[in-house]
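Biologist: Could you walk me through this fold, one feature at a time? I would like to learn how to read each of them.

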Amino acid sequence: MSNKVHCAHILVKTEQDAKLIHERLSNGENFSKIAKEKSLCPSRKKGGDLGTFGRGQMVKEFERAAFDLQKGQLSQSTQTKFGWHIIKRLE
């Protein structure tokens, strides 16, 4: 089991927004482009890229979703105290 993951994410306010974005991504739209357009997180400037992080560095729900992903895989809509996330594992 990996101790670190490299992920990007898109943060939005509502589950509905997250579902619509997930649908766009599932239809092949560019993750980085959508993150720059739609994400509420400052990481949007880097296409949502959060860099590499280890366990215990992110809120529990986000960490669980991120570490469950395989490289290149998208998470389902994941809720945290910050809003709704779609997470993509980069490495």
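Biologist: Against which strands do the buried residues of α3 pack?

Modeller: They pack against β1, β2, β3 and β4, where contact means heavy atoms within 4.5 Å. The buried residues of helix α3 (residues 60-68) are Phe62, Glu63, Ala65, Ala66 and Phe67. Buried means under 20% relative accessible area, exposed over 50% and partly exposed in between, with a 1.4 Å probe and protein chains only. Helices (H or I, at least four residues) and strands (E, at least two) are DSSP runs, numbered from the N terminus. This is a predicted model, so local features need pLDDT of at least 70 and side-chain atom pairs count only at pLDDT 80 or more, while totals for chains, interfaces and linings use all residues. Residues are numbered from 1 along each chain as its sequence is written, and side-chain values use heavy atoms, leaving out hydrogens and water.

Biologist: In what order do the strands of the sheet come?

Modeller: Strands of a sheet pair through backbone hydrogen bonds, either parallel or antiparallel. Here the open sheet of 4 strands has the order β2-β1-β4-β3, with antiparallel pairing; two strands pair if DSSP finds at least two bridges between them. Because β2 (49-54) and β3 (78-80) each have a single partner strand, they stand at the edges, and one side of each has no neighbour in the sheet. Between β3 and β4 (residues 83-89) there are 3 bridges, and Gln79 stands opposite Trp84 in β4.

Biologist: Which strands does helix α2 lie across?

Modeller: Helix α2 (residues 31-38) lies across β1 (4-12) and β4, at about 45° to β1. Axes are lines fitted to C-alpha atoms, for helices over the stretch in contact, and angles run from 0 to 180 degrees between N-to-C directions.

Biologist: Which residues make up the largest nonpolar core?

Modeller: In soluble globular proteins, nonpolar side chains tend to be buried together. A nonpolar core is a set of buried Ala, Val, Leu, Ile, Met, Phe, Trp, Tyr and Cys residues joined through side-chain atoms within 4.5 Å. The largest has 11 residues: Ala8, Ile10, Val12, Ala18, Ile21, Leu25, Phe31, Ile34, Ala35, Trp84 and Ile86. At least two come from each of β1, α1 (15-26), α2 and β4. A second, separate core of 9 residues includes Cys7, Phe62, Phe67 and Leu69.

Biologist: How many disulfides does the structure hold, and why?

Modeller: A disulfide is a pair of cysteine sulfur atoms within 2.5 Å, and the structure holds 0. The sulfur of Cys7 is 13 Å from the closest cysteine sulfur, in Cys41, which is too far for a bond. Cys7 is buried, at 0% relative accessible area, and Cys41 counts as buried at 14%.
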